[in-house]
Amino acid sequence: MNWLIDFFSNPANWSGPGGIPVRLLEHLEFSVVALLMAAAVAIPLGLWVGHTGRGSLVVVVSANAARALPTLGILVLVVLIIGVGSTWPVLIPLVLLAVPPILVNTYEGVRGVDPDLRDAAYGMGLRGPQVLFKVLVPVALPLILLGMRLAAIQVVATATVAAYVGLGGLGRFIMDGLATKNYTITIGGAFLVVVLALAAQAGFTLLSRVAVSPGVRQFR
Amino acid sequence: MITFEGVTKRYADGTVAVDDLSLEAPTGAITVFVGPSGCGKTTSLRMINRMIDATGGRILLDGQDVREIDPPTLRRGIGYVIQQAGLFPHRKIVDNVATVPYLLGWDRKRARARAMELLELVGLDSELAGRYPFQLSGGQQQRVGVARALAADPPVLLMDEPFSAVDPIVRASLQDELLRLQSDLQKTIVFVTHDIDEAIKLGDMVAVLRVGGRLAQMAGPATLLSEPADDFVREFLGRDRGIRRLSFIPAKDVRLVTAPADLVVDASGRPLGWRGDGGLLPYGTFNPERDSLRAALDAALLAANGTAVAVDEDGRVIGVAPREALDEVLGQYAARYTVPDPEDPYEEGGHQDTGHQGAGPEDPAHEDPAHGEDPHG
Ligand SMILES: Nc1ncnc2c1ncn2[C@@H]1O[C@H](COP(=O)(O)OP(=O)(O)OP(=O)(O)O)[C@@H](O)[C@H]1O
Ligand SMILES: [Mg+2]
């Protein structure tokens with residue numbers, strides 16, 4: 001506890017390009033951008049596969065395979081291929097990390113909608129895309145948001161790797177502390193990562209409250 | 001009118017669910033498809049709104065081949081009610097009912113007003129409009145399902161075992177409600193059930209299907225009971241066919257005599273009971289204008305002296321039917337053997353186009369099951 005107080009009460013940790021606000025913003029930026037990019041790929045793909053049933057095996061298998069990829073390994077690989085100097089070395093591994101939970105949950109959410117409900121929707125005269133967007137998506141929304149939440153937590157926790165390639169973020173505190181044996185800084189950085197992850201969790205929980213119909217929330 | 005012309009459905013795996021089915025579901029009447037599980041009822045029904053496409057033959061909707069109509073357009077003009085109601089869980093009841101009006105591009109206000117109207121029509125409290133489906137009982141959900149199917153006032157209604165998931169009491173009241181609605185709306189309804197009693201209660205025409213999707217018999221309910229085409233139909237109809245036929249014989253032919261002094265009535269002429277040694281004895285009533293012979297017999301059996309009390313709409317005694325009078329009517333019909341199916345509802349309206357016999361909204365086949373069971377009603 002004292003370490004945390006030391007870390008947060010030290011004015012040097014709050015100012016300049018290496019201060020808490022700047023690092024926090026860097027960390028947040030990587031996380032948000034990676035999450036948005038992952039969602040832009042995974043949600044449409046998950047909806048399409050869940051709705052049409054086409055390619056579901058490929059999606060599930062490759063999503064599970066992607067989960068086994070070592071983030072740090074990818075990062076090194078990307079650096080070797082395109083070099084440093086851009087944010088891609090950190091974004092690409094983070095996107096690869098975030099896609100599987102979003103994709104799988106979106107797909108499962110859509111596929112898991114009661115067949116009778118889907119049937120009724122077609123029976124009323126809705127067309128394919130109307131069935132998807134007016135019925136399947138609203139009903140699957142809790143699972144889609146769950147996927148986003150899991151991805152967000154993982155991304156926030158893993159964005160620390162940015163520090164390995166000199167891109168900043170909260171990982172800096174952890175690495176600097178380890179390098180200088182000043183563990184107060186390491187622990188302070190780790191603490192901030194946890195807080196950010198919890199904030200992401202809370203944010204998505206709140207979003208579910210607002211976005212998911214009360215009629216659907218009951219089912220999950 | 002819906003016409004099946006040699007309709008066949010062979011699924012991809014080779015199962016022949018419906019085999020060369022030809023029949024007509026007359027306009028403004030309820031046609032019931034009934035038969036054992038797996039006989040192709042659902043398949044037949046769903047070929048009408050093209051949820052399934054036939055692999056052979058044609059289905060005509062007022063003369064037009066349904067295959068010529070784009071499925072979503074076709075379906076918006078046909079009400080569809082399924083077993084589990086299939087309500088959209090994320091939408092409020094009012095918006096569920098307004099689904100098709102929204103699809104047809106009605107503005108929100110008009111669609112919602114129409115939805116409220118329909119909720120009332122199916123007997124639901126307007127207070128339920130703002131709820132979500134999970135907040136309703138199964139029976140209420142079914143009513144919403146019916147309201148939703150009727151929202152855009154389609155001429156045709158397809159119902160696939162809509163009442164089979166609710167308990168018998170709720171089911172009976174939903175059936176009565178459907179008959180009441182139908183007497184006002186006169187939709188062309190195709191109703192699927194595996195319950196022969198439901199088929200006989202609701203159907204103006206009943207098509208009995210056998211496994212393999214072949215038509216075993218198509219007839220009005222009374223004809224079906226008295227003249228089953230073969231052993232399969234006879235067995236499917238079950239026991240007590242003779243007694244059940246009584247429901248289709250109107251009680252108005254029963255000869256009434258003046259009520260004897262033994263029948264105690266109150267000041268307004270309503271029966272109180274039969275005079276007995278130690279007080280009043282039980283009695284039973286029937287309404288000759290509305291009830292069937294079955295109700296009259298039931299009333300007779302409820303009284304210690306075997307005499308049925310005839311009452312008018314207000315429950316006032318208009319006479320009594322002694323056992324001999326009931327016996328006379330029974331004898332008449334037993335001798336004739338065939339009970340005529342009720343008249344076609346549109347005979348006078350000039351819509352008659354099939355030459356079949358179907359029951360009208362006013363006929364005893366419909367009124368009776370609701371009232372016949374409860375002569376005191
Ligand atoms: N998609 C399908 N693929 C292959 N066979 C099917 C399919 N759907 C139904 N069948 C078969 O077709 C036959 C008729 O099925 P259908 O659902 O029409 O019966 P049903 O009369 O409605 O039965 P139930 O009373 O049990 O609902 C059955 O043998 C069924 O197994
Ligand atoms: Mg069925």
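## Basis of the description

Helices (H or I, at least four residues) and strands (E, at least two) are taken here as DSSP runs, numbered from the N terminus.

The model is predicted: local features need pLDDT of at least 70, side-chain atom pairs count only at pLDDT 80 or more, and totals for chains, interfaces and linings use all residues. Residues are numbered from 1 along each chain as its sequence is written, chains are lettered from A and ligands numbered from 1 in the order in which they are written, and side-chain values use heavy atoms, with hydrogens and water left out.

## Chain A

From the N terminus on, the elements of chain A run α-α-α-α-α-α-α-α-α-α. Its C-alpha trace spans about 65 × 40 × 25 Å along the principal axes. Of the 220 residues in chain A, 47% are buried, a term that stands for under 20% relative accessible area, with exposed meaning over 50% and partly exposed in between (1.4 Å probe, protein chains only). Chain A exposes about 10600 Å², and carbon and sulfur atoms supply 70% of this area; accessible areas come from the Shrake-Rupley method with a 1.4 Å probe, and for residues only the protein chains shown count as cover.

A contact means heavy atoms within 4.5 Å. Among the contacts in chain A between residues at least 6 apart in sequence, 72% join residues at least 24 apart. One residue of this chain, A:Asn105, is placed in helix α5 (residues 88-111). A:Asn105 is buried, because its relative accessible area is 13%. Leaving aside residues up to four places away in sequence, A:Asn105 touches A:Leu143, A:Leu146, A:Gly147 and A:Leu150.

In chain B, buried residues make up 54% of the 377 residues. The accessible surface of chain B comes to about 16000 Å², and 48% of it belongs to carbon and sulfur atoms. Of the contacts in chain B with a separation of 6 or more, 65% are between residues 24 or more positions apart.

Strands of a sheet pair through backbone hydrogen bonds, either parallel or antiparallel. Two strands count as paired if DSSP finds at least two bridges between them. In chain B, 3 strands form an open sheet in the order β11-β12-β13, with antiparallel pairing. Its edge strands, β11 (263-265) and β13 (279-281) of chain B, each pair on one side only. Strand β12 (residues 271-276) of chain B pairs with β13(B) over 3 bridges in the antiparallel sense, and B:Trp274 stands opposite B:Leu281 in β13(B).

## Nonpolar cores

A nonpolar core is a set of buried Ala, Val, Leu, Ile, Met, Phe, Trp, Tyr and Cys residues joined through side-chain atoms within 4.5 Å. The largest nonpolar core has 53 residues, of which B:Ile2, B:Phe4, B:Ile48, B:Ile59, B:Leu158 and B:Val190 touch the most other members. Helix α7 (residues 128-158) of chain A gives the most to this core, with 10 residues. Apart from this core lies another, of 51 residues, among them B:Val34, B:Leu87, B:Ala149 and B:Leu225.

## Annotated domains

UniProt positions are given in the numbering used here, feature names are shortened, and annotations may be inferred rather than shown by experiment. An unreviewed UniProt entry places the feature "domain: ABC transmembrane type-1" at residues 24-204 of chain A. The end C-alpha atoms of residues 24-204 lie 19 Å apart, and the span is 82% helix and 0% strand.

For chain B, the UniProt annotation "domain: ABC transporter" (unreviewed entry) covers residues 2-236. The span of residues 2-236 in chain B is 37% helix and 25% strand, and its end C-alpha atoms lie 25 Å apart.
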